[in-house]
Amino acid sequence: MRTARSFAYLATSLVAGPIGFVWTLATTVLMAVGAVTALGAPVFLAVAWADRHLAQLERRRAAWVLGTAIASPYLPVSGKGQARRLAAQPATWRDMAWFAVLFPLGLTLGIIAVVTAVVTAAAVIAPAWAWSVPERRAHPLVQQAMGTHSGRLLISAVGIALIPIVMWLLRQLASAQVRVAVALLAPGEHGRLVRRAQELAVTRARVVDAQAAELRRIERDLHDGAQARIVAAGMTLALAERRARHGNADIADDVATARRQLDEALAELRRLVRGIHPPILTDRGLAAAVSALAGDSPVPVAVSIEVPERLPPAVESAAYFVVAEGLANAVKYAGATSCGVTMSAGDRLVTEVVDDGAGGADPGGSGLDGLRRRIEALDGTFTVISPNGGPTRLRAEIPCAS
């Protein structure tokens, strides 16, 4: 299959090459004429627009060899001065350079590929046609090969033996041409830096939003949870004090109620602290913290962890909360009966949480979206695969040098 795609790529270059050459020649003349008139900028914009679309077809055609289309290198351009900013983009000129290079390169490699494939195919099926070729004036060896049944079978055998070599040659020719395409059509260093800056700006904004949301959550939990319970306990103790002054016998009940409220407030504060950063993670590391999560889960959890004793705190925290969220969702929403947690660390810490529940998890939900923002802030990736009917798989990859 790969060989067939490579041959198709080289064969279509016989058509794409001349078309690209004629297009480049025509547009170069058109822009040169337009440059000395008032139509220079509109002509350039029109040519650049068309070039982009034609080059995009070439990026998709390269996918026949690469397996995926070459990424677009273009940066957004709008507003005043479009022609100037478009001309400043290296990708615009590299597109034009590709069409100039494609003609000689595609023509040469395409002819080699087509001739080699046709000759090999003809040799393989020689017994079906060689008998009809007149060889009266040919060399005696050619007459022997083409004019006898055994000779034609020998030609076919040679053709069959050459098939692996021809397949290898076609793949190498296609790879050579597509490397040139990648060099000219893929994003350059300038484009990569600009896109990286844009990604960092987006992730920074997400981190700021996530931090603001986390602060609001902490404030809400403190105000509506622990603070309310402590206030209630204080009021109960005040009531108990007044009753004690009047010798009321119900003081023991009031004190017991106040103690219960204080215990609940303390538990609320502990849950809040664990939600910020669990102490066990700080004290004993990621493996112990995840094992504790698995041990506390109401469903069986198979754990496989191969990580160093300590990782950067931000990485450990993000991975811990991936596991915590995955196990909590599996029990609370998916109705899972078993879960699995795997962790491995190399250049990246890869964390996976799988459950056998009902699936259908919403990747845009507040919990999962918060995890995604936390992990993207560390230059990692977070994916959720949860078809209806299950299983649900959470996968996080975080650079260990974060």
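Two strands pair if DSSP finds at least two bridges between them. By that rule β4 and β5 pair, because 5 bridges join them. The two strands run antiparallel. The model is predicted.

**The sheet**

The sheet is open and has 5 strands, in the order β1-β2-β3-β5-β4. Its pairing is mixed. β1 and β4 are the edge strands, and each pairs on one side only. From one strand to the next, the twist averages 5°.

The table lists them, with one bridge from each.

| Strand pair | Number of bridges | A bridge in the pair |
|---|---|---|
| β2 and β3 | 7 bridges | Cys 339 with Asp 355 |
| β3 and β5 | 8 bridges | Arg 348 with Pro 399 |

α12 lies across β1, β2, β3, β4 and β5. It runs at about 5° to β3.

How do α11 and α12 sit relative to each other? Their axes come within 10 Å and cross at roughly 10°. Angles under 35 degrees count as roughly parallel, so α11 is roughly parallel to α12. On the α11 side, the contact is made by Leu 286, Ala 289, Val 290, Leu 293 and Ala 294. On the α12 side, Glu 316, Ala 319, Tyr 320, Val 323, Ala 324 and Leu 327 take part. By class, the contact has 10 nonpolar residues, no polar ones and 1 charged.

The buried residues of α11 are Leu 286, Ala 288, Ala 289, Val 290, Leu 293 and Ala 294. An α-helix has 3.6 residues a turn, so residues three or four places apart point the same way. The cover over the buried residues of α11 includes α10 (279-284), β1 (301-306), α12, β2 and β3.

**The nonpolar cores**

The largest nonpolar core holds 35 residues. Leu 286, Val 323, Leu 327, Leu 349 and Phe 382 touch the most other members. Elements that each supply at least two residues include α11 (286-296), α12 (313-332) and α13 (366-376). α12 gives the largest share, 9 residues.

Which residues does Leu 286 touch, not counting those up to four places away in sequence? They are Leu 281, Leu 311, Glu 316, Ala 319, Tyr 320, Met 343 and Leu 349. Another core, of 23 residues, lies apart from the largest one. Among its members are Tyr 74, Leu 109, Val 166 and Leu 170.

**Ala 123**

Ala 123 is found in helix α4 (residues 90-124). Is Ala 123 buried or exposed? Its relative accessible area is 16%, and buried means under 20%, so Ala 123 is buried. Leaving aside neighbours within four places in sequence, Ala 123 is in contact with Ile 155, Ser 156 and Gly 159. Ile 155 stands 32 residues from Ala 123 along the chain, yet 5.7 Å separates their C-alpha atoms.

Terms used
Residues numbered from 1 in each chain as written. Predicted model: local features only at pLDDT ≥ 70, side-chain atom pairs only at ≥ 80, totals over all residues. Heavy atoms only, no water. Core = buried A, V, L, I, M, F, W, Y, C linked by side-chain atoms within 4.5 Å. Buried < 20%, exposed > 50% of the residue type's maximum accessible area, 1.4 Å probe, protein only. Helix = DSSP H or I, 4+ residues; strand = E, 2+ residues; numbered from the N terminus. Contact = heavy atoms within 4.5 Å. Axes fitted to C-alpha atoms, helices over the stretch in contact; angles between N-to-C directions. Parallel < 35°, antiparallel > 145°, perpendicular 65-115°, else oblique. Nonpolar A, V, L, I, M, F, W, Y, C, P; charged D, E, K, R; others polar.
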